[in-house]
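The tour begins at a pocket and then turns to a pair of helices.

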Amino acid sequence: MGWLQGATVVRMLLVETSVKQLDGLLEGAGGDTELRTRVAQAYQRYGDLLGGRRGGSVADPEAALQSYGKARDIRRALMEREPNDPARLRDLAVTDLAIAHLLARRGDFDAGFDGVHAAKA
């Protein structure tokens with residue numbers, strides 16, 4: 001879709017609609033760990049698409065940070081429930097690094113550096 005004229009507009013509409021659906025899923029997830037994990041993964045992917053680390057970005061770094069922030073919040077809560085799960089730690093570190101990378105790309109090196117330290121912790 002990336003090579004089609006107007007694809008970025010279509011991609012953005014799809015992302016906006018999907019994020020609203022994810023917000024609704026998250027509201028109704030309650031204690032469903034598997035659903036919360038999948039929603040966090042989806043927010044991570046949207047962050048990548050919105051200006052993060054994947055090709056075909058729609059170049060909206062603020063929306064990317066919001067999406068990464070939602071993924072991080074969910075992943076932190078999951079880590080609190082399962083602090084010894086290495087997959088939870090890895091997922092949270094991936095999100096922290098994505099945020100750090102995006103902040104550094106926009107010139108906010110101090111916040112990016114803090115994000116790298118958060119990922120290491």
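Begin with the largest pocket, which holds about 170 Å³ of space. A pocket is, on a 1 Å grid over the protein atoms alone, an open set of points where a 1.4 Å probe fits, with protein on both sides within 12 Å along at least five of seven lines; lining residues have an atom within 4 Å of a point. This is a predicted model: local features need pLDDT of at least 70 and side-chain atom pairs pLDDT 80 or more, whereas totals for chains, interfaces and linings use all residues. Numbering runs from 1 along each chain as its sequence is written, and side-chain values use heavy atoms, without hydrogens or water.

Select Val15, Val19, Leu50, Ala63 and Gln66 next; of the 13 lining residues, these are the closest to the centre of the largest pocket. Then colour helix 1 (7-28) and helix 3 (61-81), each of which supplies at least two lining residues. Helix 1 gives the largest share, six residues. Helices here are DSSP runs of H or I, at least four residues in length, numbered from the N terminus.

Now move to helix 2 (residues 33-49) and helix 4 (residues 86-105), which pack at about 25° with axes 11 Å apart. The two helices are therefore roughly parallel, a term for angles under 35 degrees. To display their contact (heavy atoms within 4.5 Å), select Thr33, Thr37 and Gln44 of helix 2 with Arg88, Val94, Thr95 and Ala98 of helix 4.

How values were computed: Axes are lines fitted to C-alpha atoms, for helices over the stretch in contact, and angles run from 0 to 180 degrees between N-to-C directions. Angles under 35 degrees count as roughly parallel, over 145 as roughly antiparallel, 65 to 115 as roughly perpendicular and the rest as oblique. Grid points are joined across faces, edges and corners, and a volume is the space filled by probe spheres set on the points.
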